[in-house]
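Here are my notes on the model, as numbered points. Please read them with the structure open.

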Amino acid sequence: MFPERFSNLPAYAFPRLRALLDHLEPGGPVTHMTIGEPKHVFPQWVTDVIVQHAEGFNKYPPNDGTPELLDAISAWIKRRYDVSIPSAQIMALNGTREGLYNAAMALCPETKNGAQPIILTPNPFYQVYAVAAASVGAEARFVPATEASGHLPDFAALGADVLDRVAIAYVCSPANPQGAVADATYWRALIALAEKHDFQIFADECYSEVYRETPPTGALQIAYEMGADPERVLIFHSLSKRSNLPGLRSGFVAGGPESIRRIRQLRAYSGAPLPLPLQRAAEKVWADEAHVEESRALYAEKFEIADAILGDVPGYMSPQAGFFLWLPVDDGEEAAVKLWTETGVRVLPGAYLSRDAEGFNPGKKFIRVALVAPKTEVQEALTKLRACIYG
């Protein structure tokens, strides 16, 4: 009486981590460095706007986003990427996880060239990609994103027989967990590949505003420069990382008119739109850059702390963007247990963010460390981590 399509899903990363660690006593004051939940202060005026519009909780919110919110997002895309996207080609999301999942539901065909469609995902990856593939009856193909490929998936290395069955390719840039950034050359090659084999690119760009020096190139920006099919690329963004507002659940998807029409149609039946007072707040947040710059400067300081403490560790990679460290260890689970029981620092085994593919799990010998805590706490925790794991 139950479906089999989700039967091979592993436990989600954080329940899995609790099963690994919660029965063990921490070896010191607890420092959480597992989840990408920003802790920097968001502007006080966000709360003021929500209170000002609290009567909106008495109304059903517009499914696609208020006209003002869509206009604010369109203006932000123009400022950030110099691409003009009309509001009709944008949909507000209740967090980008919803969009990354439902876009596959709305857009993945039942077959591709007469066969089961394939959805490509980097490995390691954000786990919603694989669940989306399972939900639409597609084959999830996990493509290594390791040092050998610049920590981004090399989809071009797949054979034509595979690429001709691809319906969707997920790419996260800046990458979670490695912090690698897809440059213009990478995007041009991938978009050309998608044009040749007729698949869509879902560009998960949630970490685009947390970078060190150079703003990461956007997928839609390059698609427009190339004159690619307007339906070829969809971008997904969020206020969670950009503005330290994960609880606001405000994101968006933007892309070609037919893709957005289909996503909006599905949302009308099955979605959960953002409450109206939160949409009013998001309108103001997308229009403001000052708080983003302040937050980015705080992350830059924490990057420098990490480099100073861990820079001489063999295999250490200083991230280009995002706020995670992807640290090499002998075994991710063993390292997480050791760190927890000896110091109280809590990190995530890399294998929980990746899958076995062709007998290889690219996350097994890594841990992911989130630099979201205050600067002094990060410094203390990384000092303990260095001594405990690397000696």
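1. P174 sits in the loop between strand 5 and helix 7 (184-197). The bond joining S173 to P174 is a cis peptide, with omega about -5 degrees. Helices (H or I, at least four residues) and strands (E, at least two) are DSSP runs, numbered from the N terminus.

2. This is a predicted model: local features need pLDDT of at least 70, side-chain atom pairs count only at pLDDT 80 or more, and totals for chains, interfaces and linings use all residues. Residues are numbered from 1 along each chain as its sequence is written, and side-chain values use heavy atoms, with hydrogens and water left out.

3. Another cis bond runs from N123 to P124, with omega near 10 degrees. P124 is placed in the loop between strand 3 (118-123) and helix 5 (128-135). Most peptide bonds are trans, and most residues other than glycine have a negative phi.

4. N244 is not a glycine, yet has a positive phi of about 60 degrees. Its loop connects helix 9 and strand 8 (250-254). Is N244 buried or exposed? N244 is buried, at 4% relative accessibility. (Buried means under 20% relative accessible area, exposed over 50%, partly exposed in between, with a 1.4 Å probe and protein chains only.)

5. E358, also not a glycine, has a positive phi of about 55 degrees. The loop between strand 11 (348-349) and strand 12 (366-370) holds E358. E358 counts as exposed because its relative accessible area is 84%.

6. The largest pocket has about 530 Å³ of space. Its lining has 23 residues; G36, R97, Y126, Y207 and K241 are the closest to its centre. Helix 1 (13-21), helix 4 (96-107) and helix 9 (239-242) each give at least two lining residues. (A pocket is an open set of points on a 1 Å grid over the protein atoms alone, where a 1.4 Å probe fits, with protein on both sides within 12 Å along at least five of seven lines; lining residues have an atom within 4 Å of a point. Volume is the space filled by probe spheres set on the points, which are joined across faces, edges and corners.)

7. The second largest pocket has about 320 Å³ of space. Among its 16 lining residues, L107, P109, Q200, E231 and S259 are the closest to the centre. Helix 4, strand 5 (166-172) and helix 10 (257-270) each contribute two or more. Helix 10 gives the largest share, three residues.

8. E294 belongs to helix 12 (residues 290-310). E294 is exposed, at 56% relative accessible area.
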